[in-house]
Amino acid sequence: MNYHSHSDPKISARFGDALLASLAPDGGLWMPDKIPHFSPETTAKMGALSFADCSAVLARDFVDDRFSNADLKSICRDAYDFPVPMTTLSGTILDAATPEIARDYILELFHGPTLAFKDFAARFMGRTASHLMTSSGDTRTILVATSGDTGGAIGDAFLDQEGINVFILFPKGGVSKIQEQQLCTMGDQNLNVRAISIDGTFDDCQQLVKDAFADKEMTKTYSLMSANSINVGRVIPQSFYYFWTSLQIKAAHPGVPIVYSIPSGNLGNLTGGLIAKKMGAPIERFVIGNNNNDPFVDYLKTGEYSPRPSVPTLSNAMDIGRPNNFPRILDLHGNDYEAVSEVCWGASFSDEETERHMRRIFTETGYVMCPHTTVGHLAMEAFAKDVDRDFVKVVVGTAHPAKFADSVERIIREDVPLPAPLQKAMRKTKRVHVMEPNLKSLDNYLAIHS
Ligand SMILES: *Cc1c(COP(=O)(O)O)cnc(C)c1O
């Protein structure tokens with residue numbers, strides 16, 4: 001598959017080159033030249049495969065000839081070695097053999113190693129990038145500034161991936177205790193992922209990464225590469241779980257329309273869903289939940305798009321005032337507002353509404369949702385009130401509540417047990433280098449460790 005820049009279709013690249021470059025040379029976002037479409041007969045067969053094997057089939061059309069079918073199968077099996085359950089609030093798991101009568105699911109995308117849906121994208125990207133390095137004999141250095149979550153997902157995704165070194169810069173004292181422990185205990189002996197605690201703020205970390213990329217000498221010496229959320233290697237795999245899970249639901253609820261609700265920030269997750277729908281996934285509509293940072297929901301309601309500075313909220317991974325995948329969503333729909341609003345419906349919610357809803361769901365059902373998932377659940381409820389027909393509801397669960405234990409425990413007034421991967425990280429000894437926010441220090445450190 002070739003990709004083109006959304007702002008200039010004449011700028012073209014193979015998948016691997018689009019992945020390594022992140023942005024097109026004109027600053028545009030890479031778009032696939034053509035989205036494959038599968039017939040209902042073919043999709044039914046793909047739904048009978050395991051999630052990993054179905055992903056490998058989908059990936060075929062999006063990558064280039066440097067990947068064989070066998071490569072893709074092993075990349076996906078290795079990346080997706082954790083469950084992708086759809087549960088009900090009462091805890092039953094959707095099982096094709098014993099179809100549920102319930103039509104109300106949480107798609108729990110948080111059973112990967114860092115307990116958030118970003119694992120799906122990051123682990124695919126890590127393995128495809130490493131495959132390109134091992135076949136060309138090249139190496140790359142990834143620099144990532146993190147205020148918590150992204151660094152963990154990227155670090156895990158590239159752990160032990162050949163040809164790639166990763167340096168994660170986080171603000172000293174500026175991430176939660178659990179996040180710091182996660183960041184500083186990755187890997188055992190063979191360290192290709194290192195955490196650097198910057199004596200400064202998150203902005204200092206971001207500035208340092210920007211300065212390093214702006215420094216031609218450093219970019220060349222270390223073959224610097226970014227792994228940010230707009231990378232095609234991260235966007236494409238987010239279509240895989242929509243495609244596969246919608247087929248599981250269709251098998252259990254034949255003939256009933258399926259609607260997904262996605263708690264959204266940068267709209268990468270939604271972009272994945274829209275691509276899956278274009279590929280033939282039986283999804284009727286997407287509901288978008290925003291917190292108070294709601295330029296996309298405003299756009300859906302009014303047709304006017306006005307990005308704005310972000311404001312802090314409870315669902316902080318969605319505190320985005322200028323969603324960077326918005327141009328992709330427009331592009332997928334021929335820049336036509338009517339076409340976008342036909343498939344997307346949105347609503348936004350305050351922290352107060354989110355807290356009340358999280359507490360109510362917990363009190364009524366015992367199910368604990370992270371703040372982001374709660375926003376998605378609220379949006380689905382609002383949508384259901386707006387339409388008076390039968391459909392299967394799937395709320396996308398984006399993170400494990402234990403990742404946001406501070407706020408969740410305060411809201412539900414109950415402890416949230418740490419899942420196994422976090423418990424393991426809590427027991428390990430931290431390894432971290434402390435550094436002044438200074439480009440020369442970073443350069444020296446990279447010189448020794450990359
Ligand atoms: C990143 C993130 C989101 C937002 O996803 P986008 O693809 O940026 O819209 C929602 N919830 C959680 C937990 C996240 O980490």
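The model is predicted, and local features need pLDDT of at least 70, side-chain atom pairs count only at pLDDT 80 or more, and totals for chains, interfaces and linings use all residues. Residues are numbered from 1 along each chain as its sequence is written, and side-chain values use heavy atoms, without hydrogens and water.

Helices are DSSP runs of H or I with at least four residues, numbered from the N terminus. Helix H3 spans residues 51-60 and helix H4 spans residues 69-79. Their axes come within 8 Å and cross at roughly 135 degrees. Axes here are lines fitted to C-alpha atoms over the stretch in contact, and angles run from 0 to 180 degrees between N-to-C directions. H3 and H4 are therefore oblique to each other. Angles under 35 degrees count as roughly parallel, over 145 as roughly antiparallel, 65 to 115 as roughly perpendicular and the rest as oblique. On the H3 side, the contact (heavy atoms within 4.5 Å) is made by Ala 52, Asp 53, Ser 55, Ala 56, Ala 59 and Arg 60. H4 supplies Asn 69, Leu 72, Lys 73, Cys 76 and Arg 77. These residues divide into 5 nonpolar, 2 polar and 4 charged. Ala, Val, Leu, Ile, Met, Phe, Trp, Tyr, Cys and Pro count as nonpolar, Asp, Glu, Lys and Arg as charged, and the others, Gly among them, as polar.

A second pair joins helix H16 (residues 351-365) and helix H18 (residues 405-412). Their axes come within 9 Å and cross at roughly 65 degrees. That makes H16 roughly perpendicular to H18. H16 contributes Glu 355, Met 358, Arg 359 and Phe 362 to the contact. From H18 come Val 408, Arg 410, Ile 411 and Ile 412. The contact holds 5 nonpolar, no polar and 3 charged residues.

The ligand is surrounded by 14 residues, each with a heavy atom within 4 Å of it. The closest are Lys 118, Gly 265, Asn 266, Leu 267 and Thr 398. A polar side-chain atom of Lys 118 lies 2.5 Å from a ligand oxygen atom. Backbone atoms also take part. A polar backbone atom of Leu 267 is 2.9 Å from an oxygen atom of the ligand. For Asn 269, a backbone N or O atom lies 2.9 Å from a ligand oxygen atom.

Definitions and conventions:
Helices (H or I, at least four residues) and strands (E, at least two) are DSSP runs, numbered from the N terminus. A polar contact is a pair of N or O atoms within 3.5 Å; within protein, one must be able to donate a hydrogen and the other to accept it, and residues adjacent in sequence count only if both atoms are side-chain atoms.
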